[in-house]
Amino acid sequence: MRFFLLILTWVIALAFVPFWIVQAKVGCDRAYPTLCLPSPPPDLDCRDIGERSFPVRPPDPHHFDGDLDGIGCEPYP
Ligand SMILES: [Ca+2]
């Protein structure tokens, strides 16, 4: 019986692991996979975040990637 309860506990725990991972990602816009930035509103600008030259995926709701090369908030030469 103890073995059954141990297995049941593990099954339940493993079933909730993806849920916890998803919960941790809630609030992070998928357009910015290496950062955890919220979706607008509010609309953020590069000066609002401390990051530069990070990957950006469409649709880039904050418009960090003005030249559409997939890199956001690039420093100007
Ligand atoms: Ca860019």
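Proline 42 lies in the loop that runs between helix 1 (2-25) and strand 1 (54-55). Helices and strands are here DSSP runs, numbered from the N terminus: a helix is H or I over at least four residues, and a strand is E over at least two. The peptide bond leading from proline 41 to proline 42 is cis, and its omega is near 0 degrees.

This is a predicted model, in which local features need pLDDT of at least 70, side-chain atom pairs count only at pLDDT 80 or more, and totals for chains, interfaces and linings use all residues. Residues are numbered from 1 along each chain as its sequence is written.

## Overall composition

Of the 77 residues in the protein chain, 9% are buried. A residue is buried if 20 or more other C-beta atoms lie within 10 Å of its own, exposed if 12 or fewer do, and partly exposed in between, with C-beta atoms placed from the backbone. Among the contacts in the protein chain with a separation of 6 or more, 23% involve residues 24 or more positions apart. Two residues are in contact if their C-beta atoms, placed from the backbone, lie within 7 Å.

## The loop between helix 1 and strand 1

Arginine 30, glutamate 51 and serine 53 can be considered in turn. Arginine 30 is found in the loop between helix 1 and strand 1. Arginine 30 counts as exposed because 10 other C-beta atoms lie within 10 Å.

With 13 other C-beta atoms within 10 Å, glutamate 51 is partly exposed. When its neighbours within four places in sequence are left aside, glutamate 51 is in contact with Leu35 and Cys73. The C-alpha atoms of glutamate 51 and glycine 72 are separated by 8.8 Å, and these residues are 21 residues apart along the chain.

Serine 53 is located in the loop between helix 1 and strand 1. Serine 53 is classed as exposed, since 10 other C-beta atoms are within 10 Å.

## The loop between strand 1 and strand 2

Proline 59 is placed in the loop between strand 1 and strand 2 (71-72). A cis peptide bond joins proline 58 to proline 59, with an omega of about 15 degrees.

Histidine 63 occupies the loop between strand 1 and strand 2. Although histidine 63 is not a glycine, its phi is positive, at about 60 degrees. Is histidine 63 buried or partly exposed? Histidine 63 is partly exposed, because 14 other C-beta atoms lie within 10 Å. Aspartate 69 is likewise found in the loop between strand 1 and strand 2. Aspartate 69 has 9 C-beta neighbours inside 10 Å and therefore counts as exposed. The C-alpha atoms of aspartate 69 and proline 55 lie 9.2 Å apart, while the two residues are 14 residues apart along the chain.
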